[in-house]
Every structure is written in structure tokens, then in C-alpha cells.
Amino acid sequence: MTDIVIDEQSMLRPHAEQQYADELAALARLDDRPRPPSWQLSPWAVVTYLLGGELSDGTMISPKYVGPRRLMEVAVATLATDRALLLLGVPGTAKTWVSEHLAAAVSGSSTRLVQGTAGTSEEAIRYGWNYARLLAEGPSPAALVPSPIVTAMRDGAIARVEELTRIPADVQDALITVLSEKTLPVPELNMEVQAAKGFNVIATANDRDRGVNDLSSALRRRFNTVVLPLPGSEEDEVAIVARRVEQLGMSLELPRVPAAAEEIRRVVTVFRELRAGVTTDGRTKLKSPSGTLSTAEAISVVTNGLALSAHFGDGVLRPSDVAAGILGAVVKDPTADRQVWIEYLEAVVREREDWAGFYRACREVTG
């Protein structure tokens, strides 16, 4: 198969190690702290890469994660041990984002990835076969097709397993020997793959979506679990949404839309109030919808609003540009969630004088 090389400027979404190559290079150049075997950076530098900061030569490292520093320190320290790391949290808490950046900073590559689904087979965890060679030559190392996890074992690198709880339970358990013994038997060849120093696994999981498969106790014991919370304050969430919307807008080459801060804050306020079941001032109790209303969904709502404003509006992000996106995010159950949304509009939004335009826009799309 011939590799198709795409210029980085033309990529819709470069990998973390591509997008932040300059920051990673600056950290590696100035990093004089001890590094675990095969690591590209020291644990201190990995945490700095994730949380941001200014280096000794004045280089600014942008924050990739906004949250408690101790959580990232625990996550990075886990990867320096023989325990695998499980990032757990409700949808939209940046589990995949953190997983990708951890792998990029530790191993220089985030692409040794198994994407968990209900159809993920054991071959995706262990290995498969090139059946043409298998039929022609019989079982041989050349006919074996390594999984991303086997590749990471050989390279002494980080492998990622996304949405571990979506993988069938019997397939999940194929990880047990890998994580406990750091080997993978290949009985067809009477051999085994042994992990090089530096190998580890980062898995992500949540238990809020439908179709999840609980981890066996044997597998769960092989992980240290770090629970990623939703943003603790409105200011943190507004900052996260604003930064990611700006990055996505540049990646998608959307025309710049000025003065989006007001609508970003409004979207975040709506999501936080409905998630918490109470208004910001604590005066009004609310019913919560069935969806998670995550930070990731807020980013999507605002990004879609920017596209509407740039291509079909006047270039200013207005309530009418975000109203339909909010409705789609809130109303997952057409009956129960719709009633929750209408009650919120009438009891809360309608009473806020400076939200009159937002109320009208939401009522128009809600019907």
C-alpha cells in the first residue's frame, strides 16, 4: 500500500505531535530532568506540556487541559510505573484529548490506537494474519499482522484504547496478560511478544452512554483510574470553549467572526444550569434533560453557530446562530427533554431582560 502524504497545512485535524511539534521540541531541548526509559520528555515536562506555562527561554507552552494539576501528575506518574492508566469520566470531559496529548508527549506519537466499538474484535487487541501469506507460506512471523498494542510493546511506547467499555467483555480481557505479564503469547508460532521498557496503555471509558460493558474485576485491577471531572467553574468552561472554538475555526478555515464571547458565555451558562438542575444564582430549581450537555457539545454548538454567522449571517455571532444547536443538544428525547427545555425557556430565559433576543430565537426554533 502506498502512503498518501498530505501537507500538514491541508490536514483537517493534525495529530497532537504534529500540531504542537514546536512546543514538544522546545520542551525536549530544555528538559534536564530524569526521563523514564524510552520517554521523549520527563514527567515534569509532560505535565507542563498538558497544563501550559513559560519555559526558561521564554517559550510559551499553551494549556491543553484546564483542571486540577494533581490529576495530571497522577496520570503521568502512573505511566511511569507498570500500571496502565484508565481515564474515566462522563462524555465531554476531555478523556480522548488528554489521552492523545499524553501519548504524544511521552512517546512522540499518538497513533498507536485501538478504537473501541461493539464490533471490536480480539485481533484489534492482539494480532491478526495476512491470509494471503498464511495460505501461501503457512504460519510465520512475516504473516502476522500486529495490533497497535503489539506495535507499542515492540517500540516501548504508549498504546491508546478509546472507549474501552464499548468493547465486548471477552475481548476486553485479552488485555489482562498484556497488562500483567507485559507479554503477548503467539501460540501459532510457539513464541511471544515481550514489551520493551517504556510500554504502557492509556484507556478511556465512561459509564453514561448506552451499550457499555463493565470491566471485569481482573482487568480493572490492572489499571490506575483517574476520574476527569467537568470544568469546576463557569470561567474555566468559558475559557475551554473559547480556545477550542478558535482552534477549530482556524482548522476549518471558517471566516473570522468577532465578538463571540457573549454568546459563548450564554451557551455555557445554559448548559451548566441544566446540568446542575439549578440556576446560577441558586434561586430556581430546574429539571435536567437526559443528555450530558458536555463541554464538547458546547464547543460544537458555538462552532456551528460561527459557520452559520459567517456564511449565512452578518459575520457577528448572534442568538439566532446558536439557538438551533442548543435545541439539538438539549432535546435528545423528543417528549421529556422538550418539556424540560420549554420550562427552562419560560421560567428562566424569559425572565432575563438581557436575554430577550436569545429567548425569541429559541422560541422560534422550538416552535
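**Strand E3**

I began with strand E3 (residues 84-88), where four of the five residues are buried, so the strand is largely enclosed by the rest of the structure. Buried means under 20% relative accessible area, exposed over 50%, and partly exposed in between, with a 1.4 Å probe and protein chains only. Strands (E, at least two residues) and helices (H or I, at least four residues) are DSSP runs, numbered from the N terminus.

I noted that this is a predicted model, in which local features need pLDDT of at least 70 and side-chain atom pairs count only at pLDDT 80 or more, while totals for chains, interfaces and linings use all residues. Residues are numbered from 1 along each chain as its sequence is written, and side-chain values use heavy atoms, leaving out hydrogens and water.

Next I looked up the neighbours of E3. Two strands pair if DSSP finds at least two bridges between them. E3 runs parallel to strand E11 (residues 223-227), and five bridges join them. Within that pairing, Leu85 has Asn224 in E11 as its bridge partner. E3 also pairs with strand E10 (residues 200-205) in the parallel sense, over four bridges.

Which way do strands E8 and E9 run relative to each other, parallel or antiparallel? I found that E8 (residues 183-186) and E9 (residues 191-194) run antiparallel and are joined by four bridges. Leu184 stands opposite Val193 in E9. Four residues lie between the strands of this hairpin, and Asn190 takes a positive phi near 55°.

**Thr269**

I then looked up Thr269, which sits in helix H13 (residues 261-276). Is Thr269 buried or exposed? Its relative accessible area is 8%, so Thr269 is buried. Leaving out residues up to four places away in sequence, Thr269 touches Glu234, Thr280, Tyr344, Arg352 and Trp355. Contact means heavy atoms within 4.5 Å.

**Whole chain**

Last, I took the totals. The protein chain has 17 helices and 11 strands. Its radius of gyration is 23 Å, close to the 21 Å that the globule rule gives for 367 residues, so the chain is as compact as a globular protein of that length. The radius is taken over C-alpha atoms, and the rule is 2.2 Å times the number of residues to the power 0.38. Buried residues make up 46% of the 367 residues. Of the contacts with a separation of 6 or more, 71% join residues 24 or more positions apart.
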